Amino acid sequence: MIISIKVKYNIIFSIFLFFFLQLSSAQTVTVLDEETNAPIPGVALYNFKKSKSLVTDSNGKASLDSFSINETIYFQDFLYEKRQFKKSEIAKSNNVVYLKLKVEGLSQIVISASKFEQSKRDIPQTIVSIDAKEIALSNPQTSADLLENSGNIYIQKSQLGGGSPMIRGFSTNRLLISVDGVRMNNAIFRGGNLQNVISIDPFAIKNTEVTLGAGSVVYGSDAIGGVMSFYTKKPQLSYKDELFLNGNALVRYATANKERTGHFDINLGYKKWAFLTSVSYTDFDDLRMGSNGPIDYIRSEYVVRENGEDVIVENPNPLVQIPTAYDQINLMQKVRYEPSDNLNFDLGMYYSSTSDYSRYDRLLRYRGDNLRSAEWNYGPQQWFMGNFQVTKLSSNSNLYDKIQATVAYQNFKESREDRDFQSSIRDIGEESVDAISLNVDLEKKINTKSSVFYGIEYLHNTVDSEGFEENIETDQSMPDVTRYPDGSTWQSMAAYASLKYKPNSKFVFQSGLRFNQVIAKADFVDNNVFLNLPFDDAEVNTGALTGTAGITWLPSDMIQWKLNASTAFRAPNIDDIGKVFDSEPGSVVVPNKNLEAEYAYSGELGLKLNFDDKFILDMATYYTFLDNALIRRDFELNGETEIMYNGELSTVQAIQNASKAWIYGFEVGLEINFSEQLKLHSQYNIIGGTEDNNGVEEPIRHVAPNFGRTHFTWQNKKFLVDAFLVYNNELSFNQLAVSETSKDYLYAKDENGNPYAPSWYTLNLRTQYQWNDKLSITASLENITDQRYRPYSSGISSAGRNLIVAIKYTL
């Protein structure tokens, strides 16, 4: 009897002991980024003998059940510094482990190539990454300046509130802009210079990826020359019961345009909910140019209105470009809800608005001895986006391991007001675009060597356009021709799929296909009251099949080869089909309904040589053939080659499939790491190309001069110094596109009196001091030698000597 009781007691005790041990060992660790508090997926965990190993999931979680209580666990990810802890130590820290990002870490993972995370080494195209630390150091006034600081992207500006990127000889509607995976390009993105990129707040950006070259397989129409993908900051959860509170406040001042900027962001993170608010406001005064350079750029006089009359007055300081001042506000609110480890919901709302600002280049034109325009203004450029995304993980689905569904609504508003000198009539045009998008993107790992990425996309744009004339003396207005046919629609439907095959760590093959159907409709009945077009409507219904294939090969740790071939397309949009505007003095663009898609065929070869991370040489060469190119050419309207427009006899032009283009280039990047503190980085870009004009090859408008920059940096724990040189080659008169030679008011004059774009350079110095964990100070002295220069095709000269000081406080 006693024995029986003891046996029962031992059994019960053993059962309780078993469950106690199981409960004590049932331990899940969460691995987070030390700086951002974001979960880190794909971190390898293993013991000393590597007999036990596992990997964190997409939420940075992993079960530690297989490890004993006093066993040392190693945490390793190639982006982060390696760390080790005993299992018991992890338990004492609430089962949270923080890893510190290596200096070069973030730039080694990219999303834009497939909309899912991949190692940059696996991508056969050149992708430029810019992270938040680089942005903080460079202190860009706008996101256009942010792109320019990369060294691979050329920026054109018609006014201070501008910034039109040029990538590998393409620009405007042949490049694509994406914000948090949502396409920003809309139905009125034009072939002329665009400034929509300045609507994106550089303070809200976590990182930016720029794909150099075609991206139509993933992004569709317009992604011919490149894709600029902006990823804004994400709300961070606490993953525990305590509140995770984080935030930043910054003030900045710049002397060249008396910039006054204020910014703050705050993150409230709970166990399953997180909220992020970001607010930025900037006020720019008129921009001062440098004192050493071509006299052609100075602003000697401008127009003011006094006592009801337009008067030309002398500029008291010809280096100050009057009027270029404007201000801008950016707001962002994000919410994240994560009910479980494999499901999360993200809501983002974005708003940006500028004040009115002058189109400065149009105010430089003369008619005879007088300035042509009394005023030429853009109204507020406004952008709103609401973006809702659902992300689901699955380990047992045959269709996907990860699925993302994104629905977004965007509204774009822009307007133009211009009035000739001593005219009482002001021409006003107002445009609005409503854009709806739906994307479903999926990732599936087929086996250890192969993965597929695939998805569908639907886009719908509606264009509203108004036009009227206003008499500034009588305050009376009357309807006028609209820039676009009011009520026009543009929609796109697409499906894509791509394959990644990685048989070993040295070789990767990636390939993909996309089919796109684009339908655009425009009604010209209202505008025919003014234009008398030979048609009342237009419809484009075109399909496009594009593809890409490429390899990356690492025969050794020192050498990496990349080879890629791709096709891309741009379907006609409402700007191509239906726009009415004065492209230049004496010319007017009219609608053309007989348009088809243009196609690009590209190849790229890259070679990277890495000598023990001490000396790195990264080179790429590319070639693109653009066929059936949509381009502005002389046209006939009802048999006439000239019509009266805005009181002036103007040559009739229209967008037409009337050209071919050949673009080629070579890029080289150099990095020398003399020590952990002292480094040199340099980037240089050589670009060339011609287009066909009725059998004659001519220079292409958006092929920038050869350009580059060299940075020499030194850094210790608290202090960083960056001395750098920015340089730009000359484009002679014979190298300018024909359309540019007629804009002599933008350029300097050569010895023969012809317009040309001179070479230029700037010498610059940046410093950053981390006072403590909370406070940092960044100061830059740009254009130290006060050069007067104007980037190619720009209508405004760049800043002269410019001192920029920013103070940042982090919670």
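At least two residues of the lining of the second largest cavity come from each of α5 (216–219), β36 (488–504), β37 (507–523), β38 (537–553) and β39 (559–570), where helices (H or I, at least four residues) and strands (E, at least two) are DSSP runs numbered from the N terminus. A cavity here is a set of points on a 1 Å grid over the protein atoms alone where a 1.4 Å probe fits but cannot get out, and lining residues have an atom within 4 Å of a point. The model is a predicted one, in which local features need pLDDT of at least 70 and side-chain atom pairs pLDDT 80 or more, while totals for chains, interfaces and linings use all residues. Residues are numbered from 1 along each chain as its sequence is written, and side-chain values use heavy atoms, without hydrogens and water.

This second largest cavity is lined by 29 residues, with Ala 113, Gln 125, Val 217, Val 218 and Thr 548 nearest its centre, and its lining divides into twelve nonpolar, 17 polar and no charged residues; Ala, Val, Leu, Ile, Met, Phe, Trp, Tyr, Cys and Pro count as nonpolar, Asp, Glu, Lys and Arg as charged, and the others, Gly among them, as polar.

The largest cavity is lined by 40 residues, and Asp 145, Glu 148, Glu 782, Tyr 789 and Ser 798 lie nearest its centre. Among the elements that give two or more residues to this lining are α4 (143–148) and β11 (154–156).

Strand β11 also belongs to an open antiparallel sheet in the order β11-β12-β13, with strands counted as paired if DSSP finds at least two bridges between them.

Conventions. 1 Å grid on protein atoms, 1.4 Å probe; cavity = no way out; pocket = protein on both sides within 12 Å on 5 of 7 lines; lining within 4 Å.
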